[in-house]
Amino acid sequence: MKYRRVIPFGTSLMDEGGVHFRLFAPGVASVALCLDEGQEFPMDVAGAGWFESKQPTAYVGSTYQFRLPSGLLVPDPASRYNPNDVHGPSEVVDPLAFDWPDSPWRGRPWEEAVLYELHVGTFTPQGNFKGVIDRLDYLADLGITALEIMPVADFPGGRNWGYDGVLLFAPDATYGRPEDFKRLIAAAHERNIMVLLDVVYNHFGPDGNYLHTYAPEFFTKRHTTPWGAAINFETHSTVRQFFIENALFWLEEYQLDGLRFDAIDAIFDTGTPDIMTELMLAIRKGPGSRRHIHLILENDRNQAESLRRDDAG
């Protein structure tokens, strides 16, 4: 079985061959695509702040960056993989290259969850996804039925708790390639263990976050967080879409069983529905309509209304 979440951000493989590149950059007048360390192509203006380029010679494994009018080279904010850390080029990935086991996995109900929170970088001496796989039998024997993995979104450097991620669609390269993370999830499912992922939607890390330079609409000055500028969920639909797509991406393309949302008390949105409600409804309508999906909130405001369960539990 193969899974792919088609998202409007980043790259998509074209049926006729080649790669379609897209960047939301409303803060600049032009963008160039720098492909495979040497080729440079002006991107087409697609309207509403979007730039795009269809490159028939690009391929799975191609590396790319975007050049801004200032000359600054930036990675793809929706990169599926950044092999040389957050400041380096992004890599084109084929989501359908990984073969999942044919037996369908529907997850487990919440009342069967025995959670074990782990940090991929410190859980084993290897400090990677492969190391976690090697310890799954130990966890199963311990009676664990659900792993809660601390954030893996690409962060600067080789060691980080994960809460300063800047490339939210890319598993950090120090832990392994995207296929390695999928291999871990599949191996956990084979042992009847769910896998939930910690995600951070209240801020971006300060090192490697280039969005300020070409998409300042991602941030608002109306609110602040303990970690810097608040995300602008209130006035820009594309920003909301970015985070909703990220949640659906992890649940569909990686077949995760749920998400743990970090510090939603630092997410500001007075709209109706607010971003967390809209995100929950999108998940319930999508992957949550086909299998058990569990959403966990960290919320210092202790808003009990956010803890209501649906009929499926």
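Predicted model: local features only at pLDDT ≥ 70, side-chain atom pairs only at ≥ 80, totals over all residues.

Glutamate 234 counts as partly exposed, at 25% relative accessibility; here buried means under 20% relative accessible area, exposed over 50%, and partly exposed in between, with a 1.4 Å probe and protein chains only. Residues are numbered from 1 along each chain as its sequence is written, and side-chain values use heavy atoms, with hydrogens and water left out.

The partner of glutamate 234 is arginine 222, and the two form a salt bridge whose closest N and O atoms are 3.2 Å apart. A salt bridge here is a side-chain nitrogen of Lys or Arg within 4 Å of a carboxyl oxygen of Asp or Glu. Arginine 222 lies in strand 15 (residues 219-225), and glutamate 234 in the loop between strand 16 (228-231) and helix 6 (237-253), so this pair ties together parts that are 12 residues apart in sequence. Helices (H or I, at least four residues) and strands (E, at least two) are DSSP runs, numbered from the N terminus. Arginine 222 is also partly exposed, its relative accessible area being 48%.

Now to a second bridge. Which residue meets arginine 260 in a salt bridge? Glutamate 298 does, at 3.2 Å from N to O. Arginine 260 belongs to strand 17 (residues 258-261), whereas glutamate 298 is in the segment after strand 18 (294-297), so the contact ties together parts that are 38 residues apart in sequence. Arginine 260 counts as buried at 13% relative accessibility, while glutamate 298 is partly exposed at 26%. This contact is part of one network, in which salt bridges that share partners join Glu148, Asp198, Arg260, Asp262 and Glu298.

Lysine 130 and aspartate 134 have their closest N and O atoms 3.1 Å apart. They are four residues apart in helix 2 (residues 129-134), which means that about one helical turn separates them. Both are partly exposed: lysine 130 has a relative accessible area of 48%, and aspartate 134 has one of 43%. A search of the whole structure finds 19 salt bridges.

I turn to the aromatic residues. The search of the whole structure finds 27 aromatic pairs. Rings of Phe, Tyr and Trp (its six-membered ring) pair if their centres lie within 6.5 Å; planes under 30 degrees apart count as stacked, over 60 as edge-to-face, and the rest as tilted. Phenylalanine 129 and phenylalanine 181 make a stacked pair, at 4.7 Å centre to centre and with 15 degrees between the planes. This pair links distant parts of the chain, phenylalanine 129 being in helix 2 and phenylalanine 181 in helix 4, 52 residues apart. Phenylalanine 249 and tryptophan 250 have ring centres 5.1 Å apart and planes at 65 degrees, so they are edge-to-face. Phenylalanine 249 is buried, with a relative accessible area of 0%, and tryptophan 250 counts as buried at 1%.

Charges also sit over rings, a contact that requires NZ of Lys or CZ of Arg within 6 Å of the ring centre and within 35 degrees of the ring normal. The charged end of arginine 135 is over the ring of tyrosine 138, 4.2 Å from its centre. Lysine 182 lies over the face of tyrosine 254, at 5.1 Å from the ring centre.

How many cavities of 30 Å³ or more does a search of the whole structure find? It finds three. On a 1 Å grid over the protein atoms alone, a cavity is a set of points where a 1.4 Å probe fits but cannot get out, and lining residues have an atom within 4 Å of a point. The largest cavity has a volume of about 100 Å³, a volume being the space filled by probe spheres set on the points, which are joined across faces, edges and corners. Among the 14 residues that line the largest cavity, the closest to its centre are Ala153, Leu168, Asp198, Val199 and Val200. Strand 14 gives the most to this lining, with three residues.

Technical notes. 1 Å grid on protein atoms, 1.4 Å probe; cavity = no way out; pocket = protein on both sides within 12 Å on 5 of 7 lines; lining within 4 Å.
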